[in-house]
Amino acid sequence: MHVIRTLLPTEFGLLRAHLLRLDPEDRRRRFAGQIGDDAVAAYVAALDRFRSTVVAWIEDGQVRGAAELLRFRAPAGTRAELAVTVERAWQDRGIGSELMRRALTIARNRGLDQVLMVCLAENGRMRHLADKFHGRMIDTGGEVEASVPLLAPDAWSLWQEAIDQGAAAIGEALEQWKPSPAAAKGVRPAQARVDPRAEHLDGGRIGGRRGALRTTTPRAGERPGRCVRGRAA
Ligand SMILES: CC(C)(COP(=O)(O)OP(=O)(O)OC[C@H]1O[C@@H](n2cnc3c(N)ncnc32)[C@H](O)[C@@H]1OP(=O)(O)O)[C@@H](O)C(=O)NCCC(=O)NCCS
């Protein structure tokens with residue numbers, strides 16, 4: 001089960017983990033050169049939370065694909081740069097295209113008129129993606145700059161974004177009822193119990209999933225296989 005949604009700035013650590021997991025060749029393509037783990041971490045730490053929007057493909061609490069939209073500072077404030085990444089095992093499933101579509105819809109609805117993507121000239125996959133979204137390409141030698149012109153927002157583009165967000169909300173809601181690994185293996189909990197303390201101690205969020213039920217190692221005096229909510233239990 002996956003969810004596609006924008007990350008809160010407080011979740012940018014998930015983006016960092018995703019970028020660090022990229023295959024070395026994909027990391028080189030993303031940053032147009034070889035960079036180390038420290039530089040990736042520094043890049044994410046320096047992201048301006050007010051100008052950045054990250055649309056993420058999330059599976060089991062991990063970001064497996066991301067479209068990073070970074071609005072330029074004034075006077076070029078109606079333009080943004082876009083970078084898309086998808087982890088190797090998730091590529092060629094249409095994820096990059098979907099993330100890009102959503103990021104472009106958001107850019108359009110925020111009144112931006114142009115989104116730029118810069119990639120290495122050898123990056124056929126990204127060039128193909130840019131072409132799919134009517135990017136105008138300029139070859140600057142080793143790199144290609146693709147510029148996607150955006151129309152003004154209209155009722156349909158706003159509706160499209162609302163549908164995307166609605167789908168994300170439904171996905172998150174379904175995700176919270178996903179069975180624990182033990183339950184997925186057919187281990188039936190003897191009894192389900194909701195511990196009210198969990199709401200106070202961690203807001204009911206366990207590993208990013210609100211209200212998830214999971215099995216825990218039984219304590220002395222507890223019956224094994226019990227399903228409890230929250231790490232406070
Ligand atoms: C570029 C990238 C985001 C694409 O993600 P993805 O999820 O594989 O993309 P999609 O599955 O939506 O689309 C891939 C398309 O490229 C096509 N393709 C695959 N290899 C290709 C190649 N060598 N040359 C041209 N097109 C290629 C596929 O056939 C597919 O086309 P289609 O949508 O018309 O069927 C991903 O490959 C990636 O993360 N690359 C490393 C990072 C990077 O280069 N980022 C761009 C720089 S910002």
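Visitor: Where in the chain is the place of Ala-32?
Guide: This is a predicted model: local features need pLDDT of at least 70, side-chain atom pairs count only at pLDDT 80 or more, and totals for chains, interfaces and linings use all residues. Numbering starts from 1 along each chain as its sequence is written. Helices (H or I, at least four residues) and strands (E, at least two) are DSSP runs, numbered from the N terminus. Ala-32 sits in the loop between α2 and α3.

Visitor: What is phi of Ala-32?
Guide: Most residues other than glycine have a negative phi. Ala-32 is a residue other than glycine, yet its phi is positive, near 50 degrees.

Visitor: Is Ala-32 exposed or partly exposed?
Guide: Count the other C-beta atoms, placed from the backbone, within 10 Å of a residue's own: 20 or more is buried, 12 or fewer is exposed, and in between is partly exposed. Ala-32 has 14. That count falls in between, so Ala-32 is partly exposed.

Visitor: And His-134, exposed or buried?
Guide: His-134 lies in the loop between α5 and β6 (136-139). Its phi is also positive, near 60 degrees. It has 11 other C-beta atoms within 10 Å, and therefore His-134 is exposed.

Visitor: What is omega of the peptide bond that joins Ala-74 and Pro-75?
Guide: Most peptide bonds are trans. Pro-75 is in the loop between β3 (62-71) and β4. The bond from Ala-74 to Pro-75 is cis, with omega at about 5 degrees.

Visitor: How do α1 and α3 run relative to each other?
Guide: Two packed helices are described by the angle between their axes and the distance between the axes. Axes are lines fitted to C-alpha atoms, for helices over the stretch in contact, and angles run from 0 to 180 degrees between N-to-C directions. For α1 (residues 12-21) and α3 (residues 37-45), the axes are 9 Å apart and the angle is about 150 degrees. Angles over 145 count as roughly antiparallel, so α1 and α3 are roughly antiparallel.

Visitor: Which residues in α3 meet α1?
Guide: Two residues are in contact if their C-beta atoms, placed from the backbone, lie within 7 Å. α1 brings Phe-12, Leu-15, Arg-16, Leu-19 and Leu-20. On the α3 side they meet Asp-37, Val-40, Ala-41 and Val-44.

Visitor: Which residues is Pro-153 in contact with, leaving aside its neighbours within four places in sequence?
Guide: Pro-153 is in the loop between β7 (143-149) and α6 (155-176). Its C-alpha is 7.8 Å from that of Arg-110, 43 residues apart along the chain. Its contacts beyond those neighbours are Arg-108, Asn-109, Gly-111 and Leu-158.

Visitor: Which helix supplies the largest share of the shell around the ligand?
Guide: A residue is near a molecule if its C-beta atom, placed from the backbone, lies within 6 Å of it. Of the 22 residues around the ligand, Arg-29, Gln-91, Gly-96, Ser-97 and Gly-124 come nearest. Elements giving at least two shell residues are α2 (24-30), β4 (79-86), α4 (95-109), β5 (114-120) and α5 (124-132). The largest share, five residues, belongs to α5.

Terms used
Angles under 35 degrees count as roughly parallel, over 145 as roughly antiparallel, 65 to 115 as roughly perpendicular and the rest as oblique.
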